[in-house]
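Please look through the sequence and the structure below before reading on.

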Amino acid sequence: MEQPNKPNESNSNPQAHLDFITGAVLFLICLWASVASIGYWQKMGGRFYASPGFMPILICSALGIMSLILMKRSLKNSSLQERTGQLARAFRQTLSSKTVYRATIGIGMFAVYVFGMLGKMPFWAASLITLFAVLMFLRFDRTAPTALKLFLISALSIGGIILLFQVAFSVPMP
Amino acid sequence: MNVEYLIQALSVAFSPVGMISLIISVFLGLIFGMLPGLTATMGVALLTGVTYNFDGPLAVLVLIGVYVGAISGGCQSAILLNIPGTPASAATAIEGYPLAKQGKGSLAIFVANASSFFGTLLSVFCVMLFTPLLTDIALKFNSHEMFLLAVFGIVICGNLTSGGNPLKGWISGFVGLLISQVGRDTVNSVARFCFGTIDLTGGISLLPVMIGLFGFPEIVHAFSPQSRDLIQIDSFSAREGIAILLRNKVNILRSAALGVCMGAIPGVGEDTGGWLAYWAEKKRAKPGSRWGEGEINGVVASETGNNAAIGGAIIPVLSLAIPGSAPAAVLLAAFWMHGYRPGPLMMKDTPEFLYYVVIFMIFSAIVMWIIASNMSKLTVRVLQIDNRILMPIIFICCVIGAFVVNNRVFDVYLMLVFGLLGVAMSYMGYPSAPFLLGVILGNMADENLRRALILHKGNLLPFVTRPISIFFILFILALVLPQIPFVNRLIAKIKGKKHDKTQVTT
């Protein structure tokens, strides 16, 4: 994916804007997890070091400090405004990127398969439909196989997988 | 040496089912290793699902076979395509591809396969020697040391796998530790971070996390168009290949030693073993050598190093239940799935397991060398398979692999979620190995820390009075302190003052 950068910005860390948002998100997660962990201690009672909240709080403390350091490093030679501006530009560039578009559609197809089809219809049917749809979607250029070939590839692949896993090795299917 | 256990292991390996399974698993491993985008981790993870109903020893044989095959198979695409099939063969591509362009591709593959064989064999010797030793040392560990071992593993893994940015490596490791806290804790059975979901109370299974983290980014990568420049296979003289191997005896021994050491460091693994061995051989470059333009010694070094790391990675798996690499982590999960309990008590409870692993590794290396040396024509065909067709099929296999662990669709959901996390981590420069190590070691760290504090009523003194604890603490500080700017400035100031004093006295 393209990295957004104004001509006069420091190029020493091209992912500084991502580090900034990651640090911020991690810090918030650590805060939330720490509060939840204190709740586990209060629920359990007893010594703090013996409670189920002790280790999560230790982890969150360390992670919180590291995320603050990450945010501080990401603001080196820059300012909060500049980083948020960089983030906004990166977001716009990401939305217009063809690679990201293709990857998002593909991931969306996999998500529909996993969350919407698995367990709700026979595994072979869900897998065949999804595999064929993904292969058709990935058929970028004229040198790629025809739709019929892709359907045959999908059917043979799913058949082979069922034969190998379910029939030969008695592996349960979703 | 216990002859009875040796015979047991040999009987599994020599049985008709064992032999056929081994040949198929090594072959599949070579295919996995050879195809860019498919890794040894994925290969072992997917085959774990296939071995679900296998007998324990047979399952171990199959999984070790695919592990050895996958690490060895990466050299084929590294040499012919300049794209390493697995990260472990990245150093091989630097010298192997120029050799292939000079018409010496077959020679390079022959030498690479032989080096892989020797690397694996030498590492087996280290497994036999060091596993019992390390197990004996591990039996002296109590809860304090086990907790510090977990922290040490994550810190060193974060340092070595983060590409010069240890902070990101440590963040990755600690996020993994946090993820491992999901579910019922091992001391009080209190449900943590379960959000009222029964599926989460059992914790997060390792295999879906691994398949998602390591497999999904490669599958998503198939969505971007890629081109491959495949060099055709030529003929070569076996005599020349053997002469090269004999000339590189010392290189092979040194690379194997380095590979074993790198493999034994938690989470680091085969690619670092290959790189370090390559670098060590390159440092001894004589004038007139052609490093970067097709130096065959480089191929020998990197392939010996990366395969030796297999044994190195298995040593801590067997003795400490801590994986030395990502494929070793999957192997560990598979061992648990089949009822084996590697760790400090392994030599007492199931000592025959060490013999199984050693014999199976030897057989895998032999079968790998035979198959790899004879599959050159198939290699060319396999490397021509379009990833855009292969990867979606692999995704379907990943779904089955994630499902089979607990027979729950929820694990497939987890695989996808961690897969998306893996894509994000890969894009933002966070290494996955420390994250995985954190997930594996989190519960061990939690249980041992709380046990240590409960037994000593909250007293932290044993952490700084027990010799092994002090060793771990010093090692952790040695890794962490140099990353703190204040400490670096202090060290620079002290060095500057010493330099001034020396100048004054002279």
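pLDDT is the predictor's confidence in each residue, on a scale from 0 to 100. It applies here because this is a predicted model. Chain A has a mean pLDDT of 83, and 89% of its residues reach 70 or more. Where pLDDT is low, the predicted coordinates should not be read in detail.

In chain B, how do helices α3 and α4 pack? Helix α3 (residues 40–50) of chain B and helix α4 (residues 56–81) of chain B have axes 9 Å apart, at an angle of about 160 degrees. Angles over 145 degrees count as roughly antiparallel, and α3(B) and α4(B) are therefore roughly antiparallel to each other. Their crossing is right-handed. From α3(B), B:Ala40, B:Gly43, B:Val44, B:Leu47 and B:Thr48 take part in the contact, meeting B:Val62, B:Leu63, B:Val66, B:Tyr67, B:Ala70 and B:Ile71 of α4(B). Of the residues in this contact, 9 are nonpolar, 2 are polar and none is charged.

Further along chain B, B:Thr350 sits in the loop between α16 (346–349) and α17 (352–373). Is B:Thr350 buried, exposed or partly exposed? B:Thr350 has 16 other C-beta atoms within 10 Å, so it is partly exposed. The C-alpha atom of B:Thr350 is separated by 41 Å from that of B:Ala424, which lies 74 residues away along the chain.

Notes
Residues are numbered from 1 along each chain as its sequence is written. Chains are lettered from A and ligands numbered from 1 in the order in which they are written. This is a predicted model: local features need pLDDT of at least 70, side-chain atom pairs count only at pLDDT 80 or more; totals for chains, interfaces and linings use all residues. Axes are lines fitted to C-alpha atoms, for helices over the stretch in contact, and angles run from 0 to 180 degrees between N-to-C directions. Helices (H or I, at least four residues) and strands (E, at least two) are DSSP runs, numbered from the N terminus. Angles under 35 degrees count as roughly parallel, over 145 as roughly antiparallel, 65 to 115 as roughly perpendicular and the rest as oblique. A crossing is left-handed if the near helix is turned anticlockwise from the far one by less than a right angle, and right-handed if clockwise. Two residues are in contact if their C-beta atoms, placed from the backbone, lie within 7 Å. Ala, Val, Leu, Ile, Met, Phe, Trp, Tyr, Cys and Pro count as nonpolar, Asp, Glu, Lys and Arg as charged, and the others, Gly among them, as polar. A residue is buried if 20 or more other C-beta atoms lie within 10 Å of its own, exposed if 12 or fewer, and partly exposed in between; C-beta atoms are placed from the backbone.
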